[in-house]
Structure formats: C-alpha cells, structure tokens
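Please look through the structure below before reading on. The paragraphs after it go through the chains in turn and then through their contact.

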Amino acid sequence: MLDQFPAIIVAAPLIASAICAIVRHERTCWLIALLVSFLCFFGSASMLGQIQDYGTISYQMGGWAPPAGIEYRVDLLAIYLLILVSFIATAVLVYGRQSVSAEIKDGIRGWYYTMYLLCLCGLMGIIITGDAFNAFVFMEISSLSMYTLIALGKDRRALAAAYQYLILGTIGATMYVIGIGLLYTITGTLNLVDLGERLPPLLDTSAAIAGMAFIVVGLSLKIALFPLHLWLPNAYAFAPTVTTAFIAATATKVSIYLLIRYLYSVFGFAFSVEQTPIPELVLVLSVLAIFAGSLTAIFQENVKRMLAYSSVAQIGYITLGIAIANATGLTGSLVHIFNHAVMKGALFMLIGGIALQIGTVRISDMAGLGKQMPLTMFGFVLGGFSLLGVPGTVGFVSKWYLAVGALENGWWWLVVLLMLSSLLVLVYMGRVIEVAFFRERPVGAPVLKDPPKAMIITSWVFILACIYLGFDTSFTVGVAEQAVSVLVGER
Amino acid sequence: MRSHLILRVVSKLLIPFLLLFALYVQFHGDFGPGGGFQAGVIVAAAFVLYALIFGLKTIQKVIPPALLEVLVPMGVLIYAGVGVATWILGGNFLDYNMLDSHDPSHGQHLGILLVEAGVLVTVASTMLLIFYTFAGRGR
C-alpha cells in the first residue's frame, strides 16, 4: 500500500469526484470529499518520513520506465507542497459544510464537491508529476474546475470574474504548453529530470530561450505576479467563501512551485540566476506587487477584495525569494508559501463566518462586531498580526528569512522596503479592526453571534497554527531548507 | 422539419454508418490511428445530426439529459476502474501487464480496450451534453 501512495493521492480524488457526480447527495458528497482529502493528507504525511530516510520516491505510472513513461516524482520540495495542499483541502472541507449550504444554490451542491475534488486532483497532480506535459494536463484539470468553483456562487458577478479568469488562465496555460513544445523540439524529452540533463548544452539556442520565456510568462499569469494579477481580485472577492479559502491557499502556490522547479531544476540555478535577467525582472515586479497590492487593498470597501489585493502583495513576498536567489532567500520564499496559505486560509475562513452571519462583507457593515462576535474578530486581529509580521507569528519567520537573504546580497534598501510595506498592512487590517472594535453597532441592527462551531474551530486551528508555526519552525523551515539545499546544489 | 424529405431520408441512411465508423475508429485504436476520443466525437456527431433533423425533444426521448449526466462520470469510473483493478492485481496504477497473468501483451490489449471504452463514454456524453445545453437555451 505504502509504495502506491504517489498514485493514490492523485487517483483517489479523481475516482471520488466521479462518484460524487453520480451520487449528487449533498451530505454524502461532503463526507466522501472529506474522507478522500484526509486520505491524501495521510498519504502525503506518511511519504515525508520515507523521503527523509531513503530519498526521492520515483513511481512509474502504468509500469513504463522514465523518461519514456510518465514518472511521478516525490522529492522534499514536492512533499512539502503536497502536505500543504492536502491539509488545506481537508481543513476547508471540515470548515465548509454550512458555508456551502448558505452560499451555493440547492441542487448543485453535489456538483460543487465534485469540482472541489477534481481541483484537488489537479493540484496534487501538478506537484507530484515529473513530466512536463502531464503537468499541463493537471494544470488544466485544476484550472477548469476552479473556474466552475468560482462561478457556482450566488453572486452574479462571480460569473464575470470566472470568465475573466478563464480567459487569462487559458492564455497562461497556452504559453506554458508552447514553451514545453519548444523544449521538446530541441531535447526530444518531456521528463523534467531528463530535460534538466539534456538542456545545459542547448541553453544558448534561441529555441531554449524562447521556451523559457514562454514558460516563465505563462506561469506568472497563473501565479498572478504583478502586473498579471488582474484576474485575481474579482475571482477571490466574488467566489463562494469555501472556494476562496481553498484556492487562495493553494492554487497560486502550486504555480509558484512549478516556476521554482523550472528555474532551478530544469534550466538550472546557474543559468537562470546568472545568465538571464529573470532575477532582476522578478525583483522589480515583486516590489511593485507588494506596494501596489497593499496600497490598493487600503482603498477597498469589500473585505474579501481587500484580502485578495493583500494576496497579490503576499505573492510578491514569495517571488521576492526567487529574485534574491540565495539559499536563505529561497528558504524564505518556500516558508512563506506555507505561512501565507495558513494565514490567508484563516482570514478568509473568518470572513466566511461573518458573511454567514451578517450577509455582507462590506467594512461599513461590520461596525461593533468585536463585541457581538468576539471569537471571530479576535481571530481576525491575530491573523492581521501574522500578516503584519509581528514576532511570534508565522509572518515574522518568512519575512526574517527574506530580510536576511536580502542582506546577504547586500540589498539593505530591500530590508527598508520590506519594513515600509508592513506599515501598509497595518493600515488596511487596522481599518477593519477599528470599525469592528471601536464603533458602536447601529441602533436597531440584529444581535449577532459567532458562526457555527465547526467554522469557528477550524478557523481557530489555523489562527493557532499561525502562532505555533511562528515558534516551532522545525517542519516549515526544516523541510524548506533541505529542499533548497537540493535545488541550489543542482546544476 | 416535416417538409425536408431529402434531409430526413439521407440522415437516416447516414447515421448507422456514422455509428459503425465510430466503432471502427474505436476498435482500431490499438493498431493504428484512432481511439476513444475520436470515436466518442463521431458518436456524438451522429446524435447531433439526428437532433438537428428531428428536433431536440425527439433526441431527448432516446437519451435523456439525466442519463448523460450519469454517463459522463461513468466513463471516468471505467478508466479509473482499470487502474484500481491493476492495483488489486499487484501492479502500479494502470499497469496493463497485470490484466493477463499468462501473456502481458494480451493484458496490454485488454487494458487499452477498456480504457478507451471509458474515454468513448465520457467524450460522447460530454459532447452531447454540451450540445443539449446550447440547443436548450431560451426554452
């Protein structure tokens, strides 16, 4: 059983989604989805120990040996992301039953869980596969189901947002596949490890350079790297809360993972960093993302949209590590992938609880909520601290590594910019907190309570994780450092 | 469509051959060009032709949308079911060699045949469902 886990964690969600599509009974589908997500999490977690002890796992799909056959390759970087995605998927499902009932129309909730499982299958597939084209197929599976997950909401604007995402996402995927095609023409292989071995002598050809450009731009669209982030704010703001919590914590992270794979393993650290302008380009765009995203977030009236712009900024922090391009910076990047998923997941979950109770997510409607929904709003404050990077929270850990990485390059001005950007977080999170705690609830407004237990407990598990992982970094930093040492060492 | 005598007669003659050709493409898949996807599209095309001539109501008596909604995931289950079967027989996911204990190449044939059948079911029913959705708009 153990040696089949690489296939199980991808095939199980696929099979379960087909079963959900036939059953279509809300409660049953939810239970199936929950069990399968947990199975994926269990499978990923049990592979971690095996990889740390015995090294990379290679699984031959269909019994065909790589590079001709499709290889599922689980190394430390992959298992780090697999654990993250499957954990978020499970937790969001535990959280989400009431939220789905409230925000998705009756009769299509079974389909909602079907799409959720397909999306999980796609995301797990992208991470685990060692085949460039197979990654494209999984990217399409996850994206197409994600568009549906966004559009299934009651808000009509979600349809337009999903359509916008569909157009831009498809352009991104097309660019990626063009890049793969170019690399295939000069190397004749699709296996990522094999590509990494065959590419170095061919890297001065224009086909390789063009392929690299297409792949980087295509993936940047999927990542929502500034200025290619235009699909993200609407998609996050108008999608059902469960969708937002799930994709905000996983989808863009998986694309960043793929970008790191290509830059460091396939094209090689030496080439990507020293012979292309990619680090400089990513540096400028990341800094712009951090400031433009945070500044726009300040002026948002819709809290979900505010957090979406904050995500654009946080993605900037993650890509900043790629631009810093030394071991410390890259560790910061990987750690922030995990930390941002945890804190944004928590914040979107809490907002989902508020949406369930008051029906809107506008800041002006949240006056006085601090007294009536103490657990929710107190969690929100702690999540805000985390986003800000207060010592003792996860946000501090990743920003610390990024700052140290920047100093190793002698970029002291970047550290100043990092600190300035934290002030912007203080402004936009502070607005919500000020309204919720220091304004009175309007006279005659209905008295509110905290949302149902399952929602509060899962949100708080994430909030507590923000603090716990701020002190005990043995998993996040530990695994990330090991993964980075492999990436930077690979030539 | 009562009046289009020629269209009705010609399409009635054509549809059986369309389906037959779909089966040829389907079963020729493991020897030459062809396979479940192409065959599924041809099957769907035959039904779409029927719907264009005789109307959406008539075709939905033959294949109700509810049936299609079950067939789409059923094809995926046939495909994945082969994978599960190879797991149970002790191989990797979709390792067709396991399907025949005496001759692995027979196992390969059988595996491809079953998997392609799953692809045919899903592709044909998805195509038809998309057609139903567009043709049924505004009714």
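A residue is called buried if 20 or more other C-beta atoms lie within 10 Å of its own, exposed if 12 or fewer do, and partly exposed in between, with the C-beta atoms placed from the backbone. By this rule, 32% of the 139 residues in chain B are buried. In chain A, buried residues make up 60% of the 491 residues.

This is a predicted model, in which local features need pLDDT of at least 70 and side-chain atom pairs count only at pLDDT 80 or more, while totals for chains, interfaces and linings use all residues. Residues are numbered from 1 along each chain as its sequence is written, and chains are lettered from A and ligands numbered from 1 in the order in which they are written. The predictor gives an ipTM of 0.90 and a pTM of 0.93 for the complex. Its confidence in each residue is the pLDDT, from 0 to 100. Chain B has a mean pLDDT of 89, and 97% of its residues reach 70 or more. Where pLDDT is low, the predicted coordinates should not be read in detail.

Start with chain A. Its secondary structure consists of 20 helices and 2 strands; here helices (H or I, at least four residues) and strands (E, at least two) are DSSP runs, numbered from the N terminus. Along the principal axes, the C-alpha atoms of chain A fill a box of roughly 75 × 55 × 40 Å. The radius of gyration is taken over C-alpha atoms, and the rule for a globule is 2.2 Å times the number of residues to the power 0.38. For 491 residues, a compact globule would have a value near 23 Å, and the 21 Å of chain A agrees with this.

Two residues are in contact if their C-beta atoms, placed from the backbone, lie within 7 Å. Of the contacts in chain A between residues at least 6 apart in sequence, 79% join residues at least 24 apart.

Chain A is divided into domain 1 (1-276) and domain 2 (277-491), with bounds that come from an automatic or database domain assignment. The centres of these two domains of chain A, taken over C-alpha atoms, are separated by 22 Å. Where they meet, 42 residues of domain 1 of chain A are in contact with 49 residues of domain 2 of chain A. Which element gives the most to the side of domain 1 of chain A that touches domain 2 of chain A? It is α10(A), with 13 residues. The elements of chain A that give two or more residues to this side include α3 (76-103) and α8 (206-223). By class, the side of domain 1 of chain A that touches domain 2 of chain A has 28 nonpolar, 11 polar and 3 charged residues. In this count Ala, Val, Leu, Ile, Met, Phe, Trp, Tyr, Cys and Pro are nonpolar, Asp, Glu, Lys and Arg are charged, and the others, Gly among them, are polar.

Some backbone details of chain A come next. Most residues other than glycine have a negative phi, and most peptide bonds are trans. The peptide bond from Pro66(A) to Pro67(A) is cis, with omega near 5°, and Pro67(A) lies in the loop between β1 (57-60) and β2 (71-74) of chain A. Another cis peptide bond joins Phe226(A) and Pro227(A), with omega about 0°; Pro227(A) is in the loop between α8 and α9 of chain A. Arg24(A), a residue other than glycine, has a positive phi near 60°. Arg24(A) counts as partly exposed because it has 19 C-beta neighbours inside 10 Å.

Now turn to chain B. It has 5 helices and 0 strands. A compact globule of 139 residues would have a radius of gyration near 14 Å, but chain B has 18 Å. Its C-alpha trace spans about 60 × 30 × 20 Å along the principal axes.

Helix α4 (residues 65-88) of chain B has 24 residues, so at 1.5 Å a residue it should span 34 Å; its end C-alpha atoms are 34 Å apart, which agrees. The expected span is 1.5 Å times one less than the number of residues in the helix. Among the buried residues of α4(B) are Leu68(B), Met74(B) and Tyr79(B). The buried residues of α4(B) pack against α1 (5-23) of chain A together with α5 (104-135) of chain B. In the loop between α4 and α5 of chain B lies Leu94(B), with a positive phi of about 65° although it is not a glycine. Leu94(B) is buried, with 23 other C-beta atoms within 10 Å.

Technical notes. pLDDT = per-residue confidence, 0-100.
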